[in-house]
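This report describes a protein model in terms of its sheets, its cores and its metal site. The sequence and the structure are shown first.

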Amino acid sequence: MTVREIITPPNPILREKAQPVTNFDDPKFQTLLDDMVETMLDAPGVGLAAPQVAVSQRVIVVKLSDDEESKKEYGSDAGVLHIVINPEITRTSREKVDGMEACLSIPGFYGNVQRHTAVIVQGQDRSGEPVRIKARNWLARVFQHEIDHLDGILFIDRATEIWKQVEPDEVDDETGSESRSE
Ligand code: NI
């Protein structure tokens, strides 16, 4: 497995509509999946879409942390690795919620984005078998963010407010202000 480079704007691949996967037996495709997982964990991040590693295919990987704090917060969603091919959101809750997002392709920024509280994601696993995932709360947010990447949409397009992360050495001692990153 290999950690791949995560691309950033203005690389146009981030803005393309990614292509559906049809050939699950291709060894290069299976390697892509393993590399995406390794790249996400190395970053570290909780989700990654194939366009972020410059591959315009409809593939996402998602894994919420599984440390003690995360287990309390996410329950049984903590630490579960999801590899979803050709994912689609087939149902959404009417209820939406605001939350802080960041993106490995937009380093140094975070923003407030309104997302559905719960979604149902349908797609295929790495062997092409159908999968259906009921996601709520933080997991639902991550799926919506990653699936957006497959349509060339970045969280900064949806954010109602965007902040630049302040580096520790940039913190103004006069005000003591600092930023919080998620
Ligand atoms: Ni992202």
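Both Phe24 and Phe29 are buried, where buried stands for under 20% relative accessible area, exposed for over 50% and partly exposed for what lies in between (1.4 Å probe, protein chains only). The model is a predicted one, in which local features need pLDDT of at least 70 and side-chain atom pairs count only at pLDDT 80 or more, while totals for chains, interfaces and linings use all residues. Residues are numbered from 1 along each chain as its sequence is written, and side-chain values use heavy atoms, with hydrogens and water left out.

Phe24 and Phe29 form an edge-to-face aromatic pair, with 5.6 Å centre to centre and 80° between the planes. The rule for such pairs takes rings of Phe, Tyr and Trp (its six-membered ring) whose centres lie within 6.5 Å; planes under 30 degrees apart count as stacked, over 60 as edge-to-face and the rest as tilted. By this rule the count comes to 2 aromatic pairs.

**Sheets**

Helices (H or I, at least four residues) and strands (E, at least two) are DSSP runs, numbered from the N terminus. Two strands pair if DSSP finds at least two bridges between them.

A second open sheet is formed by 3 strands in the order E4-E5-E8, and its pairing is antiparallel. Strand E4 (96-101) and strand E8 (161-164) stand at the edges with a single partner strand each, so one side of each has no neighbour in the sheet. The twist here averages 25° from one strand to the next.

| Strand pair | Bridges | Residue | Opposite residue |
|---|---|---|---|
| E3 and E6 | 5 bridges | Arg91 | Ile120 in E6 |
| E6 and E7 | 7 bridges | Ala118 | Arg136 in E7 |
| E4 and E5 | 6 bridges | Lys96 | His116 in E5 |

Strand E3 covers residues 81-92, and Ile85 has Gln124 in E6 as its bridge partner. E6 is mostly covered, with 5 of its 7 residues buried. E6 and E7 form a hairpin with 5 residues between them, and Gly128 in the turn has a positive phi of about 95°.

**Helices on the sheet**

Axes are lines fitted to C-alpha atoms, for helices over the stretch in contact, and angles run from 0 to 180 degrees between N-to-C directions. Contact means heavy atoms within 4.5 Å.

**Nonpolar cores**

A nonpolar core is a set of buried Ala, Val, Leu, Ile, Met, Phe, Trp, Tyr and Cys residues joined through side-chain atoms within 4.5 Å. The largest has 18 residues, of which Ile60, Val62, Val84, Val121, Ala135, Leu139 and Phe143 touch the most other members. Two or more residues each come from strand E2 (59-63), strand E6 (118-124), strand E7 (130-136) and H3. H3 gives the largest share, 5 residues. Apart from this core lies another, of 16 residues, among them Phe24, Leu33, Val37 and Val61.

Residues up to four places away in sequence not being counted, Ile60 touches partners including Met36, Leu48, Val84, Phe143 and Ile147. Arg58 is placed in the loop between E1 and E2. Arg58 is buried, with a relative accessible area of 12%. Its contacts, with neighbours within four places in sequence left aside, include Lys17, Pro20, Val84, Asn86 and Asp151.

**Nickel site**

Donors are N, O and S atoms within 2.8 Å of the metal (3.2 Å for Na, K and Ca); water is not among the atoms, so sites may look incomplete. The nickel ion has Cys103 (SG), His145 (NE2) and His149 (NE2) as its protein donors, lying 2.1 to 2.3 Å from it. The sequence spacing of these donor residues is C-x41-H-x3-H. His145 and His149 are separated by about one helical turn because they are 4 residues apart in helix H3 (residues 137-149). Both His145 and His149 are buried.
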